[in-house]
Amino acid sequence: MNIGVLGAGQLGRMLALAGYPLANRFTFLDTTGHPSAGIGEVLIDTDQNRLDEFLAKVNLVTYEFEHLPVALVRAIEAVKPVHPSSEAIRVCQNRAEEKALFDRLGIPTPAYRLVESADELEAAARALGCPVVAKSVTEGYDGKGQAVIRDPAEAGDAWRSIGHPQLIVESFVDFVREVSIIAVRGRDGQVAFYPMAENVHVDGILRYSIAPLPDLDDGVQRTADEYIRTLLDELDYVGVLTLELFQTRDGGLLANEMAPRVHNSGHWTLDGAVTSQFENHLRAIQGLPLGDTAARMPTCMVNVIGREGDSAEILAIPDAHLHRYDKGERPGRKLAHVNLLAPTHGELLNKMRTCAALLPDAPAPRFSFE
C-alpha cells in the first residue's frame, strides 16, 4: 500500500520508518518548499499544481501536522480515504471550536473567554483574574502566537504582539504537572490507550516526556482514557489522537488542547512501548489490528533543540536510542530526540541528567514526582 502523507517533516519520516516493515510505501506532499523527511518520494508543491499527481500515486492519505486548509482535506476525501478526517482537522486547528467540543462533551477545561479586540482582551483579563494566557485562535504552536498577561494594563501590548483578529484567553491553572494521553482508534472502533506521560516545556517547546509515571493513580489514567475515548468516538476518528492536559493538585484533569496526529510527547513509544504510536497509527488507518500499547520499562524522551550534542557520547549511555532528523541547526528547531530506558525511575533520572549535560543549552530535567 502506498500511503500519502500531507507534510514532509520528522513526523512523516518516523511514520515511514515504522511502515516499511509492513511493506508500506510513502509519498509525501510538501507545500513549504523545505521538506526534511529525507525518505520515500517527496512531491514539492508550493504552487498547488501537483495534487492530482499525488492522489494518483497513493491508496489513502494521512497527515503529519494539522495546519492544513480544511477545503484541501475535504477535496482529497472526495477522491481517496483520509484518516483522520477533515472534521478532526477543522476542530483541532481552531481553539474556539476545540473548546466548544470539550464543553459539549463534558471534558473540563480552564476558564476562558473569546475576544476580538484589545479592549475585550483587557476586560477578559479583569474578569478571569490575572495572570491569564492569551492565544491566537488558529495557527499557534510551540509557544508561538501566545502571551502571558500579568496585569490587565498589558492587554494592548499583548494584542499587538500576537497580531491575530481573535484570541482565546485562559485563566492560569495551579497545576501539579502537564500530562498527555495518546490513544489510537481503528476503523472498527477498537481503541487502545498509551500510559500517560508527564511533559516538561520550556519557552513553549517540549523538552522532556516521561512515561509511565511512578505516582499516577489508576483513577487518573482511567479519567484521561474516558476523555479521549469520548473525543475519538464523537469524531468517528481513525488513527492516533493526543490530548494534552493539566493535572491539578486534587488529582483532577483539565484539557488544554488536542492534536489529530502522532505527537512529540509520544516519541518515547518508539523504544519504550511494545508498539510505537507510529506503527499503531499505520495499523489503524489500514484497518489492521492494533498493537499492544504497554510500556516495556520507564522511558524518557529528551528533545534535542537548536544544537546537537556529540552522538558518540550520547550513545555511550546504556539503553540510549538517538533519533536524528537530518536537519540543519537553528535556534528553537527540533533536530532529534533521545529515548532513554531504565528498569527504575531513579536510574532513569540519572541517565536523563547525564544526557542533558551532553546537549547544548538543554535545561535541567525536573519532574513532579521527584
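Predicted model: local features only at pLDDT ≥ 70, side-chain atom pairs only at ≥ 80, totals over all residues.
## The open sheet

Four strands form an open sheet in the order β5-β8-β6-β7, and their pairing is antiparallel. The edges are taken by β5, residues 112-115, and β7, residues 146-149, each of which pairs on one side only. From one strand to the next, the twist averages 20°.

Within this sheet, β6 (residues 132-136) and β8 (residues 167-171) are joined in the antiparallel sense over five bridges.

## Pro110

Pro110 is found in the loop that lies between α5 (95-105) and β5. The residue counts as buried because its relative accessibility is 3%, where buried means under 20%.

Leaving aside neighbours within four places in sequence, Pro110 is in contact with Lys99, Ser171 and Val173, and also with Phe246, Leu254 and Ala255. Ala259 lies 149 residues from Pro110 along the chain, and the C-alpha atoms of the two are separated by 18 Å.

## Nonpolar cores

The largest nonpolar core has 63 residues, and the members that touch the most others are Leu243, Met258, Leu340 and Phe367. Helix α8, residues 218-234, supplies the largest share of this core, with six residues. Domain 1 (2-82) and domain 3 (175-358) each contribute at least three residues to this core.

Phe367, one of the members touching the most others, has a set of contacts beyond its neighbours within four places in sequence. These contacts are Glu198, Val200, Tyr208, Ile210, Cys300, Leu349 and Met352.

Another core, of 32 residues, lies apart from the largest one. Leu15, Trp268, Ala273 and Ile285 are among its residues.

Key
Residues numbered from 1 in each chain as written. Heavy atoms only, no water. Pairing = 2+ DSSP bridges. Helix = DSSP H or I, 4+ residues; strand = E, 2+ residues; numbered from the N terminus. Axes fitted to C-alpha atoms, helices over the stretch in contact; angles between N-to-C directions. Buried < 20%, exposed > 50% of the residue type's maximum accessible area, 1.4 Å probe, protein only. Contact = heavy atoms within 4.5 Å. Core = buried A, V, L, I, M, F, W, Y, C linked by side-chain atoms within 4.5 Å. Domains from an automatic or database assignment.
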